[in-house]
Amino acid sequence: AVSAGLTREEVIAIRLFTGPMFMKYNARLRQFPAALVAALKGNGFVTTIHAVVSAIIKLSRTWKIPYDRKVYRGLGGMLLPQKFWDEDAFGCRGGVELGIMSTTTTRDIA
């Protein structure tokens, strides 16, 4: 945190995100699941989410990820739709994650 130049607020935000609050923050960003979004009662967590993203950016500048590093993301039993795999009119495929995505280097955990 010190070498990345994180502020006190960014450290607190990252600590909150690495606990159960990540569910609320990602529900706000993804607007899903509906029941959790409704339970937020309009709280957008704007400042905290901004501090989390700022901290992630700062931390990412403090080390290099090896070029050959593979990371995995679990989908919780979901299947990606066919349009994820098919190229669009611009030759692109894939998708955009609206929340803050976590990954692992251990495939069995994903």
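Helices are DSSP runs of H or I of at least four residues, and strands are runs of E of at least two, numbered from the N terminus.

I noted that this is a predicted model, in which local features need pLDDT of at least 70, side-chain atom pairs count only at pLDDT 80 or more, and totals for chains, interfaces and linings use all residues. Residues are numbered from 1 along each chain as its sequence is written, and side-chain values use heavy atoms, with hydrogens and water left out.

I looked up the largest nonpolar core and recorded 15 residues, with F17, Y25, F45 and V52 having the most contacts inside it. Such a core is a set of buried Ala, Val, Leu, Ile, Met, Phe, Trp, Tyr and Cys residues joined through side-chain atoms within 4.5 Å. I saw that α1 (8–17), α2 (21–30) and α4 (46–60) each supply at least two residues of this core. The largest share, four residues, comes from α4.

I checked F45 and found contacts with M21, K24, Y25 and L40, leaving aside neighbours within four places in sequence.

Lastly, I located T104 in the segment after α5 (82–85). T104 is buried, at a relative accessible area of 18%.

Conventions. Buried means under 20% relative accessible area, exposed over 50%, partly exposed in between (1.4 Å probe, protein chains only). Contact means heavy atoms within 4.5 Å.
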